[in-house]
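Open the model in your viewer and keep the selection tool at hand. Each stop below gives a selection and then says what is there.

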Amino acid sequence: ILGLHLLCRQLGGRGVFGLLGGCALLASMGFGGRLLVGHTFYFAGLCYLPLMLVALVKLRLRPTGRRIGALSILLALQFLTGHPQVFWNTVFGLGLFLTGLLFRPAPEVAWKRLPRLIAGLAGALLLSAGLSAIAWLPFLALIAEGNRQAPTLEFASFGCFGWEQAFGIVTDPPMSRIDWEHNYRLGFAWTVPGLVGLAMLRSTAMRALLFMGALAFWFSFGEQSGLFRACFELLPGASSFRVPARINVLPVLALTSAAAVFLSRPRPLPGVPWTGLATVGLLMAGLQAAYPFEGPPARIGMAEPVLALLLAAGTVYVWQRRSGWSSAIPPAALLLWLGLQIVELSGAHGRYGWLYSRKSVAGFTHEFPVVGQLREKQSSSPTDTPLRVMVPRILVPPNFGMRDGWTHVDSYTALFLRRPWDFLHSAAGVEPPALLNASLSQVFYRQPPFFTPNLSLNLALDPGTGSILVNANPVP
């Protein structure tokens with residue numbers, strides 16, 4: 001919240017709209033929605049994004065040693081939150097934002113400062129690498145032992161964005177269910193003024209935000225995007241990650257920042273192409289017509305998004321006509337706008353909070369049924385060490401073992417060690433999955449219990465009877 005408030009002020013806005021934008025960003029599904037699925041450290045890394053842009057804007061105006069150090073500390077702290085892809089997306093976004101700022105530099109930023117600016121940014125990256133070396137040096141050594149050593153374009157673009165998900169930023173997408181990697185719901189209340197702000201191309205700040213948001217959005221389409229294919233070949237790290245849709249936090253940040261600046265200005269920002277905005281609105285309507293909602297009719301129809309769009313656009317219109325962009329905002333327009341965003345974002349959290357719960361994903365309405373069987377069999381297993389079990393993850397989450405005192409041969413992790421990965425699949429005579437390789441193939445669990453003694457299993461699920469079997473003589 002504080003980061004977006006400072007960014008709004010740095011880009012020319014004022015008042016409380018930076019704080020309101022920070023609250024909206026925090027509540028958006030691309031940021032706060034990560035907490036619904038337990039991605040706490042991922043969310044912590046995202047919270048550094050607005051502060052990074054603030055530090056970069058200050059570095060652009062005057063690249064001093066103190067400002068280089070401040071940016072490097074923020075970069076290092078973000079990397080230490082534990083999700084390298086968030087760091088990579090941030091650095092990519094900083095590069096796009098800086099490029100957008102330099103298209104038509106402001107008078108106070110002469111071209112002769114450009115080499116010093118580039119050197120300052122490179123210095124900040126190098127210094128942050130030194131500060132976070134305690135994390136990334138062991139990380140590089142560990143990923144060399146992982147099962148993702150031959151990335152392909154198909155693998156790197158796994159989990160990419162699609163046009164049928166594009167307007168999910170303002171309303172529910174056409175499919176009845178959207179996973180958290182593609183859900184970037186922000187709502188009409190911030191998207192409409194954000195688009196108006198980004199359309200003010202004579203403003204240096206708006207051009208930079210538009211450049212960053214538009215190219216990041218294009219990148220998110222994976223191998224369908226020429227930018228992604230070029231980055232895959234040329235940009236270090238682009239081939240090492242999956243789910244390019246995750247970079248859509250940058251368009252959400254751009255929209256929220258532009259909306260906060262636009263709504264807080266005492267006079268209109270220069271150059272509003274209303275014809276272009278009308279074209280964008282028609283394209284959004286056409287997109288929704290091309291991909292109609294396919295979920296339960298009682299959940300949502302055309303009426304809800306159209307009404308929200310009209311309310312948001314009408315509020316912005318009244319804002320301009322009645323206040324003349326002065327600080328005296330009509331209370332009715334302000335209350336209507338605040339009410340709309342509260343309804344949109346709280347409704348999204350209420351709906352997706354249940355859909356993303358483990359019980360909803362697994363399809364259970366009560367506690368996982370196999371957990372009770374595992375507890376009953378624990379006492380009959382002839383060992384004093386933590387039990388090793390082999391049960392499909394959909395039946396028992398592997399991390400339940402921390403609570404109940406057993407270990408699992410499988411998990412769901414971005415780093416599965418290559419040697420046990422190859423051994424387990426070869427022992428079961430199963431082809432390892434090429435794309436869904438964060439956990440063992442589900443075919444693996446169709447094998448007979450204790451099919452290989454080298455696993456030293458104590459408990460396993462019999463796929464034929466559905467019961468838990470005890471290994472009376474496990475290998476030590």
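Predicted model: local features only at pLDDT ≥ 70, side-chain atom pairs only at ≥ 80, totals over all residues.

**Stop 1: H1 and H2**

Select residues 2–10 for helix H1 and residues 17–27 for helix H2. Their axes come within 7 Å and cross at roughly 135°. Look along the crossing: H1 passes H2 in a right-handed sense. Now show side chains. From H1, pick Leu4, His5 and Cys8. Across from them in H2 are Gly18, Leu19, Gly21, Gly22 and Leu25. Colour this contact by class and you get four nonpolar and four polar residues, with no charged ones.

**Stop 2: H5 and H6**

Move on to helix H5, residues 65–79, and helix H6, residues 84–101. What angle do the axes of H5 and H6 make where they cross? It is roughly 150°, and the axes come within 8 Å. H5 and H6 are therefore roughly antiparallel to each other. On the H5 side, select Leu75, Gln78 and Phe79. On the H6 side, select Pro84, Val86, Phe87, Thr90, Val91 and Leu94. The class count for this contact is seven nonpolar, two polar and no charged residues.

**Stop 3: the cavity**

The largest cavity has a volume of about 80 Å³. Its lining is made by 13 residues. Centre the view with Gln85, Trp88, Phe219, Phe241 and Pro244, which lie nearest the centre of the cavity. Which helix gives the most to the lining? H6 does, with three residues. By class, the lining holds nine nonpolar, two polar and two charged residues.

**Stop 4: H11 and H13**

Finish with helix H11, residues 204–219, and helix H13, residues 249–264. They pack at an angle of about 155°, with axes 8 Å apart. H11 and H13 are therefore roughly antiparallel to each other. The crossing here is left-handed. To see the contact, select Met206, Leu209, Met212, Gly213, Ala216 and Phe217 in H11.

Methods: Residues numbered from 1 in each chain as written. Heavy atoms only, no water. Axes fitted to C-alpha atoms, helices over the stretch in contact; angles between N-to-C directions. Helix = DSSP H or I, 4+ residues; strand = E, 2+ residues; numbered from the N terminus. Parallel < 35°, antiparallel > 145°, perpendicular 65-115°, else oblique. Left-handed = near helix turned anticlockwise from the far one by under 90°. Contact = heavy atoms within 4.5 Å. 1 Å grid on protein atoms, 1.4 Å probe; cavity = no way out; pocket = protein on both sides within 12 Å on 5 of 7 lines; lining within 4 Å. Points joined across faces, edges and corners; volume = space filled by probe spheres on them. Nonpolar A, V, L, I, M, F, W, Y, C, P; charged D, E, K, R; others polar.
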